[in-house]
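I am opening a notebook on this structure.

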Amino acid sequence: MRRLRKWLSENPGEELTCGYGDSPSDVPMLRICRHAVLVNAKKKALTALPEAEKVYWKEV
């Protein structure tokens, strides 16, 4: 996360458009994305980021 924030601060005008994650450890990164998507997310991630888009799928 530190490297990502550093890169963003060194590149004004750049942004994280989309981010994908499934666990609570992904939440800090998803919070700085314009569009956050939780994929088959764990309960703590869903609770921490209720405004994120949610995607669920099953492997076949």
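I call a residue buried under 20% relative accessible area, exposed over 50% and partly exposed in between, using a 1.4 Å probe and protein chains only. The model is predicted: local features need pLDDT of at least 70, side-chain atom pairs count only at pLDDT 80 or more, and totals for chains, interfaces and linings use all residues. Residues are numbered from 1 along each chain as its sequence is written, and side-chain values use heavy atoms, with hydrogens and water left out.

Entry on serine 23. I looked up its place and found the loop between strand E1 (16-21) and helix H2 (27-31); helices (H or I, at least four residues) and strands (E, at least two) are DSSP runs, numbered from the N terminus. Serine 23 has a relative accessible area of 13%, so I note it as buried. Leaving aside neighbours within four places in sequence, I find serine 23 in contact (heavy atoms within 4.5 Å) with Lys42 and Ala45.

Entry on serine 9. I find this residue in helix H1 (residues 2-10). Its relative accessible area is 56%, so I note serine 9 as exposed. From serine 9 to glutamate 59 I read 38 Å, C-alpha to C-alpha, and 50 residues in sequence.

Entry on the sheet. I find an open sheet of 3 strands in the order E1-E2-E3, with parallel pairing; strands pair if DSSP finds at least two bridges between them. E1 and strand E3 (53-55) are at the edges with a single partner strand each, so one side of each has no neighbour in the sheet. Strand E2 (residues 33-39) pairs with E3 over 3 bridges, in the parallel sense. I also noted that valine 39 has valine 55 in E3 as its bridge partner.
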